[in-house]
Amino acid sequence: MNYDMGFRFALEKQQWIREHITLLEQKKENKSTINEADEINTRFHKIKIARHPGHNIMSRKVENTITLFFPEITNLELEKNQETIKAFITEVLRKEAKGYLPERIKILSEKYGFKYSKMFVKNLKSRWGSCSAQNNINLNLHLMRLPEHLSDYIILHELCHTIHKNHGPAFHTLLEKLCGNEKILNKELKKYRTQF
Ligand SMILES: [Zn+2]
């Protein structure tokens, strides 16, 4: 086609072109996308993405299934919609984490005789947890996406840091005494990411 026709075509398809440029940029950054095909399992909930005839984004909870509804025409792959989905799931995880992790770390520390100062639930980008020099422990809210034995493994790892600050042989001996073979657990843990 000639230049005029091409120009008109591009103008008409502006919206589509813009969307796909954004999508290609997202792919380059290797970010995961979440859509209707996905079912996100947290410790206590199943989160689904669906469509509805309305014009707004809304959520509904039936028993332990939470569904996030988008209007039919929404392109879920667009960054801003992915951000909406991820922010929604993050808040579900945060609520679960705040209800579960303080109690869980208390049970584990009492069972094995650890003493820590404070525990905070955080949305950490690249770590599952951390322990400060003052024995304050940060736990990633994404622990709520792990099976309980792996989340316990992370919590025990941080609790062991209240005694050993480094990752020396004494640290690993203590941790393995409490949760078994670290190699096996680490291999299993690799299947999960600390972010979406
Ligand atoms: Zn460590």
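**Figure 1. Aromatic pairs in the predicted model.** Two aromatic pairs are counted, where rings of Phe, Tyr and Trp (its six-membered ring) pair if their centres lie within 6.5 Å, and planes under 30 degrees apart count as stacked, over 60 as edge-to-face and the rest as tilted. The ring centres of Tyr-3 and Phe-7 are 6.1 Å apart with the planes at 20°, so this pair is stacked. Tyr-3 and Phe-7 are four residues apart in helix H1 (residues 3-12), a separation of about one helical turn. Helices (H or I, at least four residues) and strands (E, at least two) are DSSP runs, numbered from the N terminus. Tyr-3 is exposed at 65% relative accessible area, whereas Phe-7 is partly exposed at 46%; buried means under 20% relative accessible area, exposed over 50%, and partly exposed in between (1.4 Å probe, protein chains only). This is a predicted model, in which local features need pLDDT of at least 70 and side-chain atom pairs count only at pLDDT 80 or more, while totals for chains, interfaces and linings use all residues. Residues are numbered from 1 along each chain as its sequence is written, and side-chain values use heavy atoms, with hydrogens and water left out.

Figure 2. The centres of the Phe-44 and Tyr-100 rings are 5.9 Å apart and their planes stand at 65°, so the pair is edge-to-face. Distant parts of the chain are linked here: Phe-44 sits in the loop between strand S1 (39-41) and S2, Tyr-100 sits in helix H3, and the two are 56 residues apart. Phe-44 is partly exposed, at 39% relative accessibility, whereas Tyr-100 is buried, at 11%. Arg-43 lies over the face of Tyr-100, 4.7 Å from the ring centre. A charge sits over a ring if NZ of Lys or CZ of Arg is within 6 Å of the ring centre and within 35 degrees of the ring normal.

Figure 3. The zinc ion has as protein donors the NE2 atoms of His-157, His-161 and His-167, lying 2.0 Å from it. Donors are N, O and S atoms within 2.8 Å of the metal (3.2 Å for Na, K and Ca); water is not among the atoms, so sites may look incomplete. Along the chain the donors follow the spacing H-x3-H-x5-H. His-157 is in helix H4 (residues 148-160) and His-167 is in the loop between H4 and helix H5 (169-179), so the pair ties together parts that are 10 residues apart in sequence. His-157 is buried at 19% relative accessibility, whereas His-167 is exposed at 51%.

**Figure 4. The largest nonpolar core.** This core has 42 residues, of which Ile-85, Ile-89, Leu-101, Leu-139 and Leu-159 touch the most other members. A nonpolar core is a set of buried Ala, Val, Leu, Ile, Met, Phe, Trp, Tyr and Cys residues joined through side-chain atoms within 4.5 Å. The elements that each supply at least two core residues include strand S2 (46-52), strand S4 (65-71), helix H3 (79-112) and helix H6 (182-189). H3 gives the most, with nine residues. Not counting residues up to four places away in sequence, Ile-89 touches Ile-34, Ile-40, Ile-47 and Phe-196, contact meaning heavy atoms within 4.5 Å.

Figure 5. Ser-109 lies in helix H3 and is buried, at 4% relative accessible area. Leaving out residues up to four places away in sequence, Ser-109 touches Phe-114, Tyr-116 and Leu-159. Thr-67 belongs to strand S4 and is buried, at 14%. With residues up to four places away in sequence again not counted, Thr-67 touches Lys-48, Ala-50, Met-58, Ser-59 and Arg-60.

**Figure 6. Surroundings of Lys-122.** Lys-122 is in strand S5 and is partly exposed, with a relative accessible area of 35%. Its contacts, not counting residues up to four places away in sequence, are Asn-138, Leu-139, Asn-140 and Leu-141. Between Lys-122 and Ala-97 the C-alpha to C-alpha distance is 9.2 Å, and the two are 25 residues apart in sequence.
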